[in-house]
Amino acid sequence: MIFDFGTDEELAQQARHKIEGWKQGFRLGEKMSMKFHRVAAEASSEGGKSAKKAKEGKEAAEHVTLLVKLAFSDHEKLSYQRWVDRIPTEEPFQSAKGEVVRAGDGPEFEKAAEHFDSLD
């Protein structure tokens with residue numbers, strides 16, 4: 001699952017807290033994992049701000065994407081499907097642009113899996 005939070009870091013952190021709560025409350029362990037992908041947003045030239053000033057201030061926002069990986073075994077298909085259905089409907093995920101990539105999606109899945117694995 002890929003959730004694009006744009007430059008809303010606070011909403012992304014709310015999503016992180018929500019997932020951490022689920023992992024602990026439902027004892028999911030490694031069945032649910034997440035990673036953030038942050039890319040520096042281009043500096044705005046509005047109001048005559050320089051790129052240097054934008055980087056120094058809090059206005060130097062990053063584009064935040066949250067990748068969530070569900071690793072349920074084959075006999076846990078019902079649990080997997082429940083999480084796939086639930087996560088995008090919960091706040092703060094509702095506010096983000098979300099995409100679900102499944103193992104059977106071919107090259108899209110391979111690309112998403114490589115991206116997830118490449119993040120720290």
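**The pocket and the sheet**

Guide: The largest share of the lining of the largest pocket, five residues, comes from α4. This is a predicted model, in which local features need pLDDT of at least 70 and side-chain atom pairs count only at pLDDT 80 or more, while totals for chains, interfaces and linings use all residues. Residues are numbered from 1 along each chain as its sequence is written, and side-chain values use heavy atoms, with hydrogens and water left out.

Visitor: What makes α4 a helix and β3 a strand?

Guide: Helices are DSSP runs of H or I with at least four residues, and strands are runs of E with at least two, numbered from the N terminus. α4 spans 107–118 and β3 spans 62–70, so the two names follow from these runs.

Visitor: Which residues of the lining count as nonpolar, polar or charged, and how many are there of each?

Guide: Ala, Val, Leu, Ile, Met, Phe, Trp, Tyr, Cys and Pro count as nonpolar, Asp, Glu, Lys and Arg as charged, and the others, Gly among them, as polar. By that rule the lining of the largest pocket has 14 nonpolar residues, no polar ones and three charged.

Visitor: Why are β2 and β4 said to stand at the edges?

Guide: The open sheet has the order β2-β3-β1-β4, with antiparallel pairing. β2 (32–40) and β4 (97–99) each have a single partner strand, so one side of each is left without a neighbour in the sheet.

Notes. Two strands pair if DSSP finds at least two bridges between them.
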